[in-house]
Amino acid sequence: MAEKQKRVAFGALGIFIFLCIWYAATTLTSLGKVMPDPITVLAGFFTAFVEPIGTHSMIMHILVSLRRMLIPYFFGGVLGVLVGILMGWYKLADAILMPYIQMIRPIPPIAWIPLSIVWFGFDEGSKYFLIFLACFFTIALTTYNGVHSVDETLVRAARMLGAKDNQLFTSIVLPTTVPYIFSGLQVALGSAWATIVAAEMIRSSEGVGWLIISGQEVGNMTQIMVGIMAIALTGLLITSIMRGVESKLCAWTVRGK
Amino acid sequence: MANKEPKVRVQNLTKKFGDLLVLDNLNFEVEEGEFLCIVGPTGCGKTTFLNSLTRLYQPTAGEILVNGIPVDPKKQNISYIFQEYSSFPWLTVEQNIRFGLEIKKIPKEEADANVEEMLDIVGLTKFRNYYPSQLSISMLQRVAIARAFATKPELLLMDEPYGQLDIDLRFKLEDELIKLWKKTGTTVLFITHNIEEAVYLSQKIMVLTNKPTSVKTVLDNPLPLPRDVVSEEFVALRNKVTDLIKWW
């Protein structure tokens with residue numbers, strides 16, 4: 001526990017030092033002409049909770065963006081795990097699907113914006129599509145690796161204790177794969193959240209990504225920085241929650257601890 | 001007839017990997033409740049032999065009968081303890097021991113009682129909620145042994161389970177194994193390259209030849225339990241087995 005407190009303390013100290021450097025750089029040099037200092041940004045961030053930017057307050061911007069991210073993330077997760085297990089378990093599925101995954105995965109989400117607008121319109125659908133792409137492949141591939149990492153000795157041991165194929169799957173393959181699924185979900189959560197700006201480039205009038213885009217349109221550097229801060233802090237919060245869930249569910253792994 | 005049928009009957013067991021003949025026409029029987037140690041020169045196919053016995057490998061020819069019917073781990077109650085550590089890392093000590101009982105759908109009260117008994121015998125009651133990553137090597141092997149015995153197997157196969165332990169722990173675990181064997185009356189086939197271990201544990205010792213493997217001879221081991229490794233009879237039997245393995 002003391003170890004954990006130390007970690008948090010050092011983390012906080014690091015952020016504080018960074019803010020100090022930022023403050024010094026913007027007040028003591030000409031950098032201040034193009035970039036607001038951290039106090040202005042922080043003040044802007046917290047004021048936005050009571051004074052709306054655009055038509056919404058900060059909490060609404062964050063919640064709208066979170067919903068935009070979580071819905072496709074959920075579907076990407078479920079589908080990714082299913083496809084990953086399918087490819088890991090059946091050689092035929094692996095042979096058919098793997099080339100698609102390897103081809104589509106490196107295409108950055110922004111490249112899909114024009115097509116997604118044509119396919120899904122300007123509403124939520126196209127935004128969901130981009131974020132789905134940002135997380136599906138990561139989760140499918142890590143799950144696939146998990147299925148492949150099953151220890152033959154454990155399979156033999158379970159077989160000798162009388163396990164049939166379906167029991168092998170639930171008692172050996174799934175537990176082996178769970179930590180991999182979690183690391184995939186963790187990485188995918190980060191990339192899904194990072195894609196929110198790209199997704200909100202498609203016509204939107206709220207959300208943390210919109211803060212940045214509309215800030216750019218009117219040349220409001222503070223609003224851009226406030227948007228960045230909102231993404232950063234919310235990102236930190238959701239990945240911490242995810243890590244907590246993981247350590248509860250995968251208590252046996254070193255990663256989970 | 002039923003009384004006469006041996007626990008395990010191996011008939012003309014042959015295994016080839018491609019052109020390589022590994023097991024050459026093995027024939028032997030194991031009586032109910034017997035503790036048989038199988039020794040042989042290094043690389044003589046001892047593990048191939050056990051793996052064929054469990055149908056992890058399909059034998060090329062021949063038959064293995066347990067209680068007069070062809071061996072099948074899904075139908076018969078057989079347990080196997082490996083050379084490698086095979087406890088499930090995502091299960092606690094207690095859950096590991098319970099694994100086979102759950103696979104076989106043993107009623108809960110009976111399973112609970114078995115698990116408690118096993119935890120007690122191998123001395124892991126205090127560590128029941130530990131995960132394998134928190135245990136020492138000898139404790140891991142104890143978990144494997146308790147897991148194997150918990151299902152009350154009719155036949156227990158052990159493939160050099162103590163090969164990687166130091167001598168102190170080995171003797172301790174060997175004594176535990178004898179205790180468990182006496183208590184449960186399980187038939188045990190124990191593979192080892194350690195002749196002292198074979199003489200210490202067994203009632204019978206089967207000596208295998210070099211590849212292609214066949215049965216060289218089966219010796220009785222009448223020494224009373226517990227055995228004294230420095231007694232004259234012990235050393236004499238040990239030397240006898242050593243000579244049999246040397247003179248291929």
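1. Let's start with a term you will need: two strands pair if DSSP finds at least two bridges between them. Strands here are DSSP runs (E, at least two residues), and helices are runs too (H or I, at least four residues), both numbered from the N terminus. With that in hand, look at chain B, where an open sheet of 6 strands runs in the order β6-β7-β8-β3-β9-β10 with mixed pairing. Its edge strands are β6 (78-81) and β10 of chain B, each pairing on one side only.

2. A word on what you are viewing: this is a predicted model, in which local features need pLDDT of at least 70 and side-chain atom pairs count only at pLDDT 80 or more, while totals for chains, interfaces and linings use all residues. Residues are numbered from 1 along each chain as its sequence is written, and chains are lettered from A and ligands numbered from 1 in the order in which they are written.

3. Now follow β9(B), residues 204-208. On one side, strand β3 (residues 35-39) of chain B and β9(B) pair in the parallel sense over 4 bridges.

4. What does β9(B) pair with in the antiparallel sense? The partner is strand β10 (residues 215-220) of chain B, over 5 bridges. B:I205, for instance, has B:L219 as its bridge partner. A hairpin of 6 residues joins β9(B) to β10(B).

5. Is β9(B) largely enclosed or open? Strand β9 of chain B is largely enclosed by the rest of the structure, because 4 of its 5 residues are buried. Here a residue is buried if 20 or more other C-beta atoms, placed from the backbone, lie within 10 Å of its own, exposed if 12 or fewer, and partly exposed in between.

6. Chain A has another make-up: 11 helices and 0 strands. Its C-alpha trace spans about 70 × 55 × 30 Å along the principal axes. Of the 257 residues of chain A, 38% count as buried.

7. Finally, see where the chains meet. The contact (C-beta atoms, placed from the backbone, within 7 Å) takes 13 residues from chain A and 20 residues from chain B. On the side of chain A, α7 (152-160) and α8 (165-194) are the elements giving two or more residues, and α7(A) gives the largest share, 6 residues.

How values were computed:
Contact = placed C-beta atoms within 7 Å.
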